[in-house]
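Work through the exercises below with the sequence and the structure at hand. Try each task before reading its solution.

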Amino acid sequence: MAKLPTDIPELVKQFGPTLHTVPPGGWVHTDKDEKLVKTHCCFCGQQCGIQLRVRENKVVGFEPWEDFPFNRGKLCPKGVKRYMQDEHPDRLKSPLERVEGEGFKPIGWDAAMDRVVSEIRRIQQKYGNDAFALLTGASLTNEKAYLMGKFARVALKTANIDYNGRLCMVSAGAASKKVFGIDRSANPWSDITKAQVILVAGANIAECAPITTDYLWQAREKGAKLIILDPRMTPIARNADLFIPVRSGGDIGVFNGMLHIMIERGWLDREFIAQHTTGFEAVMETVKKYTPEYSAKIAGVPPEMIVKAAELWGPAPTSFLLHARGIEHHSKGVENCIAAINLVVASGRIGREGCGYAMITGQGNGQGAREQGQKCDQLPGSRDISNPEHRKYIAGVWGVPEESIPQKGLSAIPLVEAIHDGRIKGLISICFNPAVSLPDGNYVREALGKLEFYVNIDFFLSETARYADIVLAGSLMEEDEGTTTNTEGRVIRHRQAVTPPEGARQDWAIINEIASRLGYADKFHSAPREIFEELRIASKGGVSDYSGMTWDAIERDYGMFWPCPEPGHPGTPRLYEGGKFGHPDGKAHFLPIEWRPSAEMPDEEYPIILTTGRVVSHFLSGTQTRRIGSLMEQYPQPRCEIHPRLAEKFGIAEGDFVKVESRRGEVVVRAQVVKTIRPDTVFVPYHWPLDRSANNLTIRAIDPVSNIPEFKICAVRVSKTDAPTDAIAQLEMEAGGIR
Amino acid sequence: MSEAAFFIDHSRCIGCQSCLQACAECDTHRGVSMIHLETIQRSDSVQTAPQVCMHCEDPICARVCPADAIKKTPDGVVQSSLKPRCIGCSNCVVSCPFGVPKYRAEIDQMMKCDMCYDRSSVGKKPMCATVCPSGALTFTTMEDIQRTRSGIPINTWKFGNEVVKTRVYVMVPREVEQVNVDLVQISSTPTALQDDPYDVALMLEDAQ
């Protein structure tokens, strides 16, 4: 069915989002009967340590955890207020069933499970196993991510499982794998502080990874030079030694241009290149034409900036490269990352103290969730689903015939396209809000409406869950236990603080129950600690080898870095020491990169570049942070950042309502006129739904290798408009309204 | 109080408001932050500046209080107004050179940052300086700050002719000895764009 059962204002009335502003029991000054649970933030890939204050099985506040070495008590506003998602009035406490014309009504677990299982059977019998798909999330623990991958391949026997890490880390991962042979940040964050030059490409660290700011500043105190590439002057760019306001999609111009100068001036580690790398000749050939002038045209910046970047980076004794979605969210995302990484390899500055490379993961378990086998092309241990040896090993762990494991399935965007064109009829999703987070939102919501049967597992009724036939009330991070792997590759322990409210269930228990009812009780009965034991074995011998880890050792050592191939192994905080890379030949593989245009470049009809991103007080699709009062107060509705020169051209003043239109859709938001953005570019953050969703505008173009969508550039036009007065506009801002 | 001191480094601030969000979490603050964040001029720059109470050696707020409601502890922390004494006149609000005290009409009382006295008096750091992700707010020893920062801490301010010494330090470049705050004539913004180091359009001028 999968169409909205009733109109949106009615659904909002029933299920929110509404704001939670006061801790359970009110602002009480007591620590009576209170316990502190040392765990981690549920939001971004930094996975900061935090202590949750718990009273009578309720999370009532937080206390900094200063002993945890990654963040030493530091937290961003999301971390401070995360506890407000507990005891939330919108919390789902029962399975729900869609009722045409009314919305959703609570039903019992037994009835809900009966319906789910019979629909899975019906759809798979009628249309084939692959017609039932799974969309999962990168905020799931390692244990849940592992379970989802196994559930798809063993219980559903569908090839079509993918996850929202597809919107996040896949370009960085693919590039890292191609060049270094391993998909992980190469260094622990402590190495950042020891570098003498730091290049940050496409990472709004202050807002998206705030804790990393202090690492940058520590390096700067010791004299490190900071180079920032971003179309907007972000808070870290303000204090950079060199801020390059690159045009979105033009980064390769800067990277290849820098390498051109490094070659010309001899700022290379020739010995390192000869001993530990392959393919440099081809790269030299490619960057020959990338003179500062040629490169500057691609990057849309003055050539002197590229020269200065090379002068800072080239001769430095130590250096660190960090990149994030700004260069990764492109239809050439993998190429962007490779061109950046080439700068690291050519300098030979990797695998040593103060020398390295990191990708900044966006989602909570952005690193770990892509290692445990819930990607359409992977099995646990970062194994390749099309490699016969890898399949055989995992088939052995699971106790199933190798040939029963499906082959590679569709990645997130093609999967949604398959729903749209009727090849996929049934869907279970968890920890994913595609109605807000996928590009070309109107198309995505249309696709959801075409499903014959849709099950959504979540703790709030997200914008996507509104399309479900059955909603299963799942669990919050703090209602369960397990591990995640942070942006450094450090595996950490999430402790359970409270039990789920009556009527909701832990996610793994829900999946085990469905699998059991499908006839696989013997393979799906474990709780997280046992799942970790199985995951450990499944990862053994793989690239991301956890086999030597135990939960106890992880707790004792404040996390462990993979690979950790045998018990007693200390883990591997820094990769590639001694120039040993992850490829079978032990070398890093240079790859030549040519710049090419983005999928949709501005033209006469749509003359402005739109780029999208995050703000500090919200997380991803906002389904959690739009429910927390003080985070909404900090940034209540999306605004369109526009340079005064561009604003003047369209007669737009600060605070005006503006319509931003692309070939795919539109949003109406207020203008924020700022000199801190390129005058050919506008920026709209993407955390809001419906008529405020920046993804109504973005393009459904994907990178051919990583399949990441091109969120960071599409063509739009902007015009001044009247205040909207329709029913959606009148909703509260957390629900998609506008003020 | 330990020998730790409070340091503000405006150059580190990223405007994330963790400090405000965490301040509001203190049980006694009941969801209201006692500190604030100045956004200098968002249209021109992303520069922001966190403002905690500077805890003046000779606090002007206390001097001008007609009800003698503002007290300094022996260890130099200037407290919120005493509820039984505060008459809500807002003399402190208008006289503080840093704009710190706020009159809260709903409780008819001035409340302000007390350096988390409940925490700092028992050896813990103030909440804002614990969570601050950028290190713009730091609570540590003088020795540690001198070892880890390139700038220097100062606590002498000159407002016109009035010299104010504060318990809280600000980090400044090495050559600076005191912060001079003079009255300036603020004119209306000129229509033509002027040279502005933070204007991205001007940075790109010769890019075409």
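**Exercise 1.** Find helix α3 of chain A in this predicted model, and list the strands it lies across.

Solution. Helix α3 covers residues 109-127 of chain A. Five strand names belong in the list: β4, β6 (132-136), β16 (426-430), β17 (453-458) and β18 of chain A. Relative to β18(A), the helix runs at about 130°. Now turn to helix α16 of chain A, residues 412-420. This helix lies across β6, β7 and β16 of chain A, at about 140° to β6(A).

**Exercise 2.** Work out the strand order of the open sheet of seven strands in chain A, and explain why β5 and β7 have a side without a neighbour.

Solution. The order is β5-β4-β18-β17-β16-β6-β7, and the pairing is mixed. Strands β5 (103-106) and β7 (161-163) of chain A are at the edges with a single partner strand each, so one side of each has no neighbour in the sheet. On average, neighbouring strands here are turned by 20° against each other, direction ignored.

Next, take one pair. Strands β4 (residues 96-99) and β18 (residues 470-473) of chain A are joined antiparallel over two bridges. Glu97(A) has Ile470(A) in β18(A) as its bridge partner.

Terms used:
Residues are numbered from 1 along each chain as its sequence is written. Chains are lettered from A and ligands numbered from 1 in the order in which they are written. This is a predicted model: local features need pLDDT of at least 70, side-chain atom pairs count only at pLDDT 80 or more; totals for chains, interfaces and linings use all residues. Two strands pair if DSSP finds at least two bridges between them. Helices (H or I, at least four residues) and strands (E, at least two) are DSSP runs, numbered from the N terminus. Axes are lines fitted to C-alpha atoms, for helices over the stretch in contact, and angles run from 0 to 180 degrees between N-to-C directions. Two residues are in contact if their C-beta atoms, placed from the backbone, lie within 7 Å.
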